[in-house]
Amino acid sequence: MDPHRHGARQPERFDPKKAAALDDPSRFDYLPVPEILSLLDIPREGLWVDFGAGTGAYARAIARSRPDAAVVALDEQPAMLDLLKAALDRERLANIKPVLSGPRELASLRGRADRVLALNVFHEIADASLEDLASLLKTGGKAVFIDWNASVDRPVGPPKDHVFSAAEGRLRLERSGWSILAQSAFPYHYALVAARPADASAAPRPRRDP
Ligand SMILES: C[S@@+](CC[C@H](N)C(=O)[O-])C[C@H]1O[C@@H](n2cnc3c(N)ncnc32)[C@H](O)[C@@H]1O
């Protein structure tokens, strides 16, 4: 495995050729927006980050439901950001900002987010990216990790050996200093609401760019 992916369970980056699956409307049946909104519990006029937003299927749906809150839709792949921007050209949502994730962008967001959503991305991100994610949160901020459950037989989603079980996901977060505030389940996913590690807003340790 690429050393820059240390800690990730999925060996490769998400393939933008599979992006259409992210806009499959059946996702909203097994991962309903109202339930995600309830887990996120975004404060009034708060700032939240969709970490690994992809095409923004959920960032856009949540932005529509919560016009008072601002969302930074962050993705590391320009091809994914282009798809998100094309969707925003059609929908014209004022409260969503697409951002290509890089050291400068992450630094400018550090310590500012009330909430971070990591939807279907926890199994893809390296430990170093998990630190970046934590650094975006304000003191008292929370992240919601919702990811494919390796313990569940599913007709959709990545292979079981590319994702974590709820217990493995929880352990990974706890080992990185997160406090788990709540755990719940969707038909194919687990959800973990977590408070950021105490030292998360400290400057990230230097590392080489991939
Ligand atoms: C499986 S897709 C999920 C997209 C979206 N969260 C959803 O559920 O519709 C994962 C996305 O996360 C992005 N991603 C993976 N690692 C990332 C990182 N470290 N920082 C930002 N984006 C990342 C990928 O480029 C991809 O677009």
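Which helix and which strand each supply at least two residues of the shell around the ligand? They are α3 (57-65) and β2 (70-75).

## Basis of the description

The model is predicted, so local features need pLDDT of at least 70, side-chain atom pairs count only at pLDDT 80 or more, and totals for chains, interfaces and linings use all residues. Residues are numbered from 1 along each chain as its sequence is written. Helices (H or I, at least four residues) and strands (E, at least two) are DSSP runs, numbered from the N terminus.

## The ligand shell

There are 20 residues around the ligand, and those that come nearest are Phe14, Gly52, Gly54, Glu76 and Ser129. A residue is near a molecule or strand if its C-beta atom, placed from the backbone, lies within 6 Å of it.

By class, the shell has 11 nonpolar, six polar and three charged residues. Here Ala, Val, Leu, Ile, Met, Phe, Trp, Tyr, Cys and Pro count as nonpolar, Asp, Glu, Lys and Arg as charged, and the others, Gly among them, as polar.

## Helices α2 and α3

The axes of helix α2 (residues 33-40) and α3 come within 10 Å and cross at roughly 75°. Axes are lines fitted to C-alpha atoms, for helices over the stretch in contact, and angles run from 0 to 180 degrees between N-to-C directions.

From α2, Val33, Ile36 and Leu37 meet Tyr58, Ala61, Ile62 and Ser65 of α3. Two residues are in contact if their C-beta atoms, placed from the backbone, lie within 7 Å. This contact has six nonpolar, one polar and no charged residues.

## The nonpolar core

The largest nonpolar core has 55 residues. Such a core is a set of buried Ala, Val, Leu, Ile, Met, Phe, Trp, Tyr and Cys residues joined through C-beta atoms within 7 Å. Strand β5 (residues 137-148) gives the largest share of this core, six residues.

Trp48 is one of the residues with the most contacts inside the core. Leaving aside neighbours within four places in sequence, Trp48 is in contact with residues including Leu40, Val71 and Val116.

## Two loops

Asn120 lies in the loop between β4 (113-119) and α6 (127-135). Asn120 is buried, with 21 other C-beta atoms within 10 Å; the cut-off is 20 or more for buried, 12 or fewer for exposed, and in between for partly exposed, with C-beta atoms placed from the backbone.

Asp41 is found in the loop between α2 and β1 (47-51), and Glu45 lies in the loop between α2 and β1 as well. Asp41 has a positive phi of about 50°, and Glu45 one of about 60°. Asp41 counts as exposed, and Glu45 is exposed.
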